[in-house]
Amino acid sequence: MPPAVFAGAVAVGLAVSAWGVRDRTTWFLETVWALVGLPLVVLTRRRFPLTGLLCGLLAVHALVLAVGGHYTYAQVPVGDWVRDSFGLERNPYDRFGHLMQGFVPAVLVRELLSRTSPLRGSRWLAPLTVCACMAFSACFELLEWLAAVIGGQGADAFLATQGDVWDTQWDMFCALVGAVLSLLLLSRAHDGQLRTLDRRRRPSAGRRDPA
């Protein structure tokens, strides 16, 4: 699928999610990554095009953020349905969001390291990718802490702890599981797309500029 289709889907999803939101500040805090990331990917698409796999994953992740921002993570309807259907104690959409926080960035970090460092094909690529994803997850939890300090109870919708004192640890664990699953499930397909991208960007052998 062309990257423009993914970009269009994200733009529409963000616009729809901004309509009638439950908490405008929470919506911005949850979707700011997509609001910044979408124009960045579009502006660099010629100089540094991304694989189709990564574009698709980034689009899905952006829509996950948009849904969470619109309803707040603790009140997403599909999460309420899962909670009630399986007798859970809390809306699990927040856990899913943090799983995606590891699953998608793992492919992003892997692609950046594979294309801009000597780590491509190295045994260190996978563990360093997971470490980078965990570092991002930790930074996000620090941002949540800062929001709690500044906003007090007003930041509850953004934190989405739902009364769980171990919410921070669970969030980071979900990101870890997501990153590991992503590498286990997608590394081979990702390598194939990286090779295809290399062939497309490499000048044809022996081609000369016209005199």
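Helices here are DSSP runs of H or I with at least four residues, strands are E runs of at least two, and both are numbered from the N terminus. With that settled, I placed Ala106 in helix α5.

**Ground rules.** I am working on a predicted model, so to speak by its own rules: local features need pLDDT of at least 70, side-chain atom pairs count only at pLDDT 80 or more, and totals for chains, interfaces and linings use all residues. Residues are numbered from 1 along each chain as its sequence is written, and side-chain values use heavy atoms, with hydrogens and water left out.

**Overall fold.** I counted eight helices and zero strands. Along the sequence the pattern reads α-α-α-α-α-α-α-α. The C-alpha atoms fill a box of roughly 70 × 40 × 35 Å along the principal axes. Next I looked up burial, where buried means under 20% relative accessible area, exposed over 50% and partly exposed in between, with a 1.4 Å probe and protein chains only. Of the 211 residues, 38% are buried. I then turned to contacts, meaning heavy atoms within 4.5 Å. Among contacts with a separation of 6 or more, 73% join residues 24 or more positions apart.

**Ala106, again.** Is Ala106 buried or exposed? Ala106 counts as buried because its relative accessibility is 0%. Beyond neighbours within four places in sequence, I found Ala106 in contact with Thr129, Cys133, Ala179 and Ser182. I also checked Leu186, which is 80 residues from Ala106 in sequence and 9.8 Å away in space, C-alpha to C-alpha.

**α5 against α8.** Helix α8 covers residues 167-201, and its axis comes within 5 Å of the α5 axis, crossing at roughly 35°. For the record, axes are lines fitted to C-alpha atoms, for helices over the stretch in contact, and angles run from 0 to 180 degrees between N-to-C directions.

**Two stops on α6.** Ser137 lies in helix α6 and counts as buried, because its relative accessibility is 0%. Leaving aside neighbours within four places, Ser137 touches Gln101, Asp171, Met172 and Ala175. Leu146 is also in α6, but at 39% relative accessibility it counts as partly exposed. From Leu146 to Leu183 I noted 37 residues in sequence and 31 Å in space, C-alpha to C-alpha.

**Thr72.** I found Thr72 in the loop between α3 and α4 (77-86). Its phi is near 75°, a positive value in a residue other than glycine. Most residues other than glycine have a negative phi. Thr72 counts as buried because its relative accessibility is 3%.

**Largest pocket.** Which residues are closest to the centre of the largest pocket? Its volume is about 1100 Å³, and of the 42 lining residues the closest to the centre are Trp33, Gly37, Val41, Leu58 and Leu108. Helices α1 (3-17), α2 (24-43), α3 (52-71), α5 (93-116) and α6 (125-151) each give two or more residues to the lining. By class I noted 32 nonpolar, six polar and four charged. A pocket is an open set of points on a 1 Å grid over the protein atoms alone where a 1.4 Å probe fits, with protein on both sides within 12 Å along at least five of seven lines; lining residues have an atom within 4 Å of a point. The volume is the space filled by probe spheres on points joined across faces, edges and corners.

Note on methods: Nonpolar A, V, L, I, M, F, W, Y, C, P; charged D, E, K, R; others polar.
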